[in-house]
Amino acid sequence: HTSMLILIGTVIMLIGVTYKTNNFKIFKPTWYVYLILFNIIALLSTATKTPFALLFFIIIAIYIYSPSNLIRYVKTKVILFIMLVLLVLTAINPYIGVLDNIYKRIDIISTKDNVVDKYGKVRFIIAEYAVANAIENPIMGVGLEGFKSNLIQSTNIDFRTSTHNTTLWSLAEGGLIGLFLWLNIVFLLFFSLNRLLKRTKNSEKLEIHELSVVSGMLMSLYLIASLSFNIE
């Protein structure tokens, strides 16, 4: 959740750089590049993988929905910025170990005795349990918090966690009814946001389109994140 909050600020600043606007009174737009770099370092320090996949998707989406003249403006700067990020991360890693956090997490998953088959594949195991819960009561599910009473237990691991996936959560704890209600929200948001972005792309007021892009990207951020953790 910490990494998601950092990512929200990063996305707002990325769009600010793209549209050359000042969203924060105390910061000039030229500062955004340094703040984005700082946020990327902060994301690495959380040792979570999902935000970087989301960040990649958001950057692609911004390019798709932004006017072509803005894309030409930022294209060169994006390449230079990526080079700057790689140089800074390489330079500071020996001192604060931001990259080492990721390496250590991967190493723990892959080498810890007798845990790789459980912990390393935990998302797949949780998915199996979620489906089993839904089969147990296909119409209404096992009820709120019902999933946690049927979790994985072994000599190495005692999980007391959520489904780490909102779609699986709606299926396990709400059955087919819960799944339908959740997917209904997802599709309504997706089609509404897509229509909003297309309608405002050629707006004479660039601020209107920027606002719709910010709204669309933040909403998309959470919808995609719902595949990795629970957002309900």
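**Exercise 1. Decide whether Phe187 is buried, partly exposed or exposed, and then describe the rings around this residue.**

Solution. Phe187 has a relative accessible area of 48%, and the classes are buried for under 20%, exposed for over 50% and partly exposed in between, using a 1.4 Å probe and protein chains only. Phe187 is therefore partly exposed, whereas Phe191, at 53% relative accessibility, counts as exposed. The model is a predicted one, in which local features need pLDDT of at least 70 and side-chain atom pairs count only at pLDDT 80 or more, while totals for chains, interfaces and linings use all residues. Residues are numbered from 1 along each chain as its sequence is written, and side-chain values use heavy atoms, with hydrogens and water left out.

The next step is to look at the rings. A pair of aromatic rings is described by the distance of the centres and the angle of the planes. Rings of Phe, Tyr and Trp (for Trp, its six-membered ring) pair if their centres lie within 6.5 Å, and the pair is stacked if the planes are under 30 degrees apart, edge-to-face if they are over 60, and tilted for the rest. A search of the whole structure finds two aromatic pairs. In one of them, Phe187 and Phe191 are stacked, with 6.4 Å from centre to centre and 20 degrees between the planes. These two residues are four apart in helix H7 (residues 166-200), which means that about one helical turn separates them. The rings of Phe190 and Phe191 have centres 5.4 Å apart and planes at 75 degrees, so this pair is edge-to-face. Taken together, Phe187, Phe190 and Phe191 form one aromatic cluster.

**Exercise 2. State how many helices and strands the chain has, and what share of its residues is buried.**

Solution. Helices (H or I, at least four residues) and strands (E, at least two) are DSSP runs, numbered from the N terminus. On this basis the chain has eight helices and zero strands, and its pattern along the sequence reads α-α-α-α-α-α-α-α. Of the 232 residues, 39% count as buried. A contact means heavy atoms within 4.5 Å, and among contacts between residues at least 6 apart in sequence, 69% join residues at least 24 apart. The accessible surface, which comes from the Shrake-Rupley method with a 1.4 Å probe, amounts to about 14,100 Å², and 67% of that belongs to carbon and sulfur atoms.

**Exercise 3. Work out how H1 is oriented towards H3, H8 and H2.**

Solution. Axes are lines fitted to C-alpha atoms, for helices over the stretch in contact, and the angles run from 0 to 180 degrees between N-to-C directions. Angles under 35 degrees count as roughly parallel, over 145 as roughly antiparallel, 65 to 115 as roughly perpendicular and the rest as oblique.

- Step 1: helix H1 (residues 2-19) packs against helix H3 (residues 50-65) at about 25 degrees, with the axes 11 Å apart, and H1 and H3 are therefore roughly parallel to each other. Residues of H1 including Leu7, Val11 and Leu14 meet residues of H3, among them Leu55, Ile58 and Ile62.
- Step 2: H1 and helix H8 (residues 206-225) pack at about 150 degrees, with their axes 10 Å apart, so H1 is roughly antiparallel to H8. The contact involves, among others, Ile8, Ile12 and Ile15 of H1 and Val213, Met217 and Leu221 of H8.
- Step 3: the axes of H1 and helix H2 (residues 32-45) come within 9 Å and cross at roughly 155 degrees, so H1 is roughly antiparallel to H2. Among the residues that meet are Ile6, Gly9 and Met13 in H1 and Leu35, Asn39 and Leu43 in H2.

**Exercise 4. Find where His164 and Tyr34 lie, and classify the exposure of each.**

Solution. His164 is found in the loop between helix H6 (122-136) and H7. The phi of His164 is positive, at about 60 degrees, although this residue is not a glycine. With a relative accessible area of 24%, His164 is partly exposed. Tyr34 belongs to helix H2 and, with a relative accessible area of 59%, is exposed.
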